[in-house]
Amino acid sequence: MTIRLLTLFLLSLVSLSATAAEALRASVTVRTDQSGSVIDPGIYGQFAEHLGRGIYEGVWVGENSPIPNTRGLRNDVLAALKELGVPVLRWPGGCFGDEYHWRDGIGPRNRRPTRINTTWGGVVDDNSFGTHEFMDFAELIGAEVYVNGNVGTGSTQEMAEWVEYMTADNNSTLAQLRRANGRDKPWRLHYFAVGNETWGCGGNMRPEFYADLYRQYATFIKTPRDNKPQHIASGANGSNTEWTEVLMREAAKHMDAISVHYYTLPRGAWKEKGAATRFPESEWMSTFTRTMRMDEILTNHSKIMDRYDPERRVALLVDEWGTWYDVEPGTNEGFLYQQNSLRDALVAAVNFNIFHRHAERVRMTNIAQMVNVLQAMILTDGPKMLKTPTYHAFALYKPFRGATHVPVEIATAEYRLDSESVPAVHATAARDKAGALHIALTNLDPHRAATVELRLPGQAGKALQGQILTAATTDAINTFAAPDTVRPVPFKTLKASGERLQIELPAKSLLVLSQR
Ligand code: AHR
């Protein structure tokens, strides 16, 4: 019996290593004869909420902090975000936004009221980070601003006055108040949303009720002519197309965009979402099968929007997306602090590829969230800071911002596990304003390298240079002691023979190539 078991065990090892050694095959044809929509840089936007250590500690440490800072904003985080480039930043919520009263966050900091953050951990918020600090932050990192207004516990008057405070260029009492608080010129307000998740934490509304509220609130977003923000309606929860249907039917002409939120939960259940690291292979697989639902979600919402808005004037914004795991053991449940591994970087890549395909409608997305919360770009611990694998995925995709999507045709082996499977190789391509092609290739198979035949019609002789992101394990992370464990490294320069290239794409990797 023991010998039989041993033999079976050895046989299984032999077959596993054979599978591991065998490269899977894929062919990717970049349709250089076609061109899609321009990829709005806003697709690479971010979201920062008053949640856990996202703003307080993650961004704001205050002027008297021993952590080096610029007017209270930590310098290490500012530098990392400036280097990355943040096209647009959404603030202050999220669920927090529907309990946020903007007047709490202006004026001398020592006189601002302290409020309970009832949604996120019941901690107190001393309001030391308010409108001026947010706008200063956005200006320092060069981001456009996306302010989310309060419908849940606010009023049309409060919302209208906040907009006036930020944008008035005259002598109104609110403009004077802004000046007295240190800001002379109005801020440029790029986007303004009327509530958040109004179907849930923003008020548990029915779509018909919110559609009317949206129309009412949006009427009072008044600004000078040259500073008109895009008006954003709070959109659907994932696949709930009924929400989009009602909002488009009742209020499309009053909005510039409608949002949708979709998160990747490896186990698909809020109670036990799955761990950020040390997860079984089944959760690597389910993370990607669930991430890929984004494509269907966007397709279905877009179809409805097409009926009411065939000219595609109204944008669909994914203003919350990303992985959502169980919190790190020992941390506050309400702070949503989770680790960020190679898996997260590949989730980001798959989402980017999907967003590119929907670029005609999808003109902004905001990953949740920027620092220390959910799928973050940056993690901090007191004075220490690190860039996550997700940060590196965003950095690798920089050439795609503002480029024109070029469709790709992919024939790929599947990555299979038990009864589940996903296409192993994912790809996207775009042509920048200077005419250079950029191609991103992802191999989701955690065991097998992929031999990819890349076809680039009409591009013979052009060299491709790139960077690759991979790691020894699927859950490899960066730590404060070893912050560069998962980071991109140069990939060998490739030269086509004719119009074809053969690329060995390692298991569990992301490669971004650019014509030079
Ligand atoms: O990003 C965390 C939370 O997720 C947001 O506050 C809310 O809008 C969503 O449910």
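This is a predicted model: local features need pLDDT of at least 70, side-chain atom pairs count only at pLDDT 80 or more; totals for chains, interfaces and linings use all residues.
Which residue does a disulfide join to C95?

Residues are numbered from 1 along each chain as its sequence is written, and side-chain values use heavy atoms, with hydrogens and water left out.

**View 1. The disulfide of C95 and C201.** A disulfide joins C95 to C201, with an S to S distance of 2.2 Å; the term is used here for a pair of cysteine sulfur atoms within 2.5 Å, and by this rule the count comes to one disulfide. The link is left-handed, with -90° about the S-S bond. It connects distant parts of the chain, 106 residues apart, since C95 is in the loop between β5 (88–91) and β6 (115–117), whereas C201 is in the loop between β9 (191–194) and α6 (207–219). Helices (H or I, at least four residues) and strands (E, at least two) are DSSP runs, numbered from the N terminus. C95 is buried, with a relative accessible area of 12%, and C201 is partly exposed, with a relative accessible area of 36%; buried means under 20% relative accessible area, exposed over 50%, and partly exposed in between, with a 1.4 Å probe and protein chains only.

**View 2. The cis peptide bond of G93 and G94.** The peptide bond that joins G93 and G94 is cis, and its omega is about 15°.

**View 3. The cis peptide bond of A368 and Q369.** A cis peptide bond also joins A368 and Q369, here with an omega of about 0°. Q369 is found in the loop between β13 (362–368) and β14 (378–381).

**View 4. The positive phi of E197.** E197, a residue other than glycine, has a positive phi, near 40°. This residue is found in the loop between β9 and α6, and E197 is buried, with a relative accessible area of 12%.

**View 5. The positive phi of D418.** In D418, again a residue other than glycine, phi is positive and near 50°. D418 has its place in the loop between β18 (414–417) and β19 (420–423), and D418 is exposed, with a relative accessible area of 74%.
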